[in-house]
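Hello,

Here is the structure I promised to pass on. Please open it first, then read my notes below.

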Amino acid sequence: MEPQSQDLKTTPSLSLERFHISEDYGFLLPNPLKELPDHYRPWMEIANKLSHLIESHQLRAQVNKMPLLNCQFLKSYRQRRLAHLVLSFISTGYVWQEGEREPEEVLPRNLALPFVEVSKNLGVPPILAHSDLVLTNWTMRNPEGPMDIRNLDTVVSLPGGESLRGFILVTVLVEKAAVPGIKALVQAVNAILQRSQDFLLQALQRLRLCIQDITRTLGQMHDYVDPDVFYTVIRIFLSGWRDNPAMPAGLTYEGVSKEPLKYSGGSAAQSTVLHAFDEFLGICHSQENADFLHRMRDYMPPSHKAFIEEIHSAPSLRDHVLSSGNDQLLTAYNQCTEALAELRSYHLTIVAKYLITAAAKAKDKRPSHPPGPPQALEQRGTGGTSVLRFLKSVRDKTLEAILHQHG
């Protein structure tokens, strides 16, 4: 690979392909694999019946009998992404098979060693993250058909049935809806570099429409995900072993480290989309939230994290809009920022429904079905944050970025 800094001098413009971002699918992995080479059949056999093994309390016994497999036959990037998806799902199932009251605090070496090796190779942590749950975990039922939820399926699943499928696939569609916005952002950065106000204005208008479309797409959660199932069944499997009262010490990866390791669970904050929009629009979050969001970047594929950093180091859109004295640009910037704040407000209402309201209902019925809903994470997001406070602050800081016209 050429050093990135040399590229910059010869090509001042920003492009998606340099960061392994798809023109058609954005941060989603295009056409993810569903099968690994035959050597890895023991992993795939467990992955293909994972929900059943967890629900029948047999997963841990099955994993303990699994052979220790060598990662050398994972030749391609896509094979490694599928291996990470499979191993992350098996690991979270292994840890949480009996619910939060009896988490397994040691990942056996036949799972831990290959999982950590594949993770190092990909530059991501050895835990189920957004890049596994969503970006690598989708497939088209009919490859010729449209990309809508009826024509999509997951590659690997967990307990939660249709609600889990809906949760993952609506999020896949949110990532897909973001594609025009990612392209608009790149066009806008290049328009600033080339000092083209017209192109910049058009790009900002496209970005606003895209953010509004993401909000509409997110609304499909209500149609496909049952709040009680999300709260009592699905959520525990998205939990990590950092900032989680159920696993205060973390998880020991046998054969990797004598000390337990701590990683955050899967979280929407691990999606590159909103980080990119924030950097581009120049939105500054509180120190505590900014620290958390920066930490979440370590859970992204490294090329996606590099894309955010590239936008951060590009010329400031806010400064450009303010110094241009162009009212149309200022209005367009503000409309993007307002649309992003509206998306965050909408996300807040969804989290309130699926977490806070569902938690109150679960309390009334507890314990409905074993292992019962997670108590340790009641007011927390799966990433370990105090979720409503975090989301409100992030939304409010977005609104604070709105620029005022100097008449």
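The lining of the largest cavity has four nonpolar, two polar and two charged residues. Keep in mind that this is a predicted model. The lining residues are Tyr77, Arg81, His84, Leu122, Val124, Ser131, Asp132 and Pro301. Two elements each give two or more residues to that lining: helix H5 (77–96) and helix H7 (130–135). H5 gives the most, with three residues. The space inside the largest cavity is about 50 Å³. How many cavities of 30 Å³ or more does the structure hold? The count is one.

Start with H9 and H10. Their axes lie 8 Å apart and the packing angle is about 160°. Angles over 145 degrees count as roughly antiparallel. H9 and H10 are therefore roughly antiparallel to each other. Their crossing is left-handed. Which residues meet there? From H9 come Pro180, Gly181, Ala184, Gln187, Ala188, Ala191 and Ile192. From H10 come Phe199, Leu200, Ala203, Arg206, Leu207 and Cys210. By class, this contact of H9 with H10 has ten nonpolar, two polar and one charged residues.

H9 also packs on H13. Here H9 covers residues 179–193 and H13 covers residues 272–281. The two axes come within 11 Å and cross at roughly 25°. Angles under 35 degrees count as roughly parallel. So H9 and H13 are roughly parallel to each other. H9 passes H13 in a left-handed crossing. On the H9 side, the contact uses Gly181, Ile182, Leu185, Ala188 and Val189. On the H13 side, it uses Ala276, Phe277 and Phe280. Seven residues of the contact of H9 with H13 are nonpolar, one is polar and none is charged. Look at Gly181 and Ala188 when you have the model open: both meet residues of H13, and both also meet residues of H10.

H10 spans residues 197–218, and H16 spans residues 317–324. Their axes come within 13 Å and cross at roughly 125°. Gln197, Leu200 and Leu204 of H10 make the contact with Leu317, His320 and Ser324 of H16. The classes in the contact of H10 with H16 are three nonpolar, three polar and no charged residues. Leu200 is worth a click too: this H10 residue takes part in the contact with H16 and in the contact with H9.

That is what I have for now.

Best wishes

How values were computed:
Residues are numbered from 1 along each chain as its sequence is written. This is a predicted model: local features need pLDDT of at least 70, side-chain atom pairs count only at pLDDT 80 or more; totals for chains, interfaces and linings use all residues. Side-chain values use heavy atoms; hydrogens and water are left out. Axes are lines fitted to C-alpha atoms, for helices over the stretch in contact, and angles run from 0 to 180 degrees between N-to-C directions. Helices (H or I, at least four residues) and strands (E, at least two) are DSSP runs, numbered from the N terminus. Angles under 35 degrees count as roughly parallel, over 145 as roughly antiparallel, 65 to 115 as roughly perpendicular and the rest as oblique. A crossing is left-handed if the near helix is turned anticlockwise from the far one by less than a right angle, and right-handed if clockwise. Contact means heavy atoms within 4.5 Å. Ala, Val, Leu, Ile, Met, Phe, Trp, Tyr, Cys and Pro count as nonpolar, Asp, Glu, Lys and Arg as charged, and the others, Gly among them, as polar. On a 1 Å grid over the protein atoms alone, a cavity is a set of points where a 1.4 Å probe fits but cannot get out, and a pocket is an open set with protein on both sides within 12 Å along at least five of seven lines; lining residues have an atom within 4 Å of a point. Grid points are joined across faces, edges and corners, and a volume is the space filled by probe spheres set on the points.
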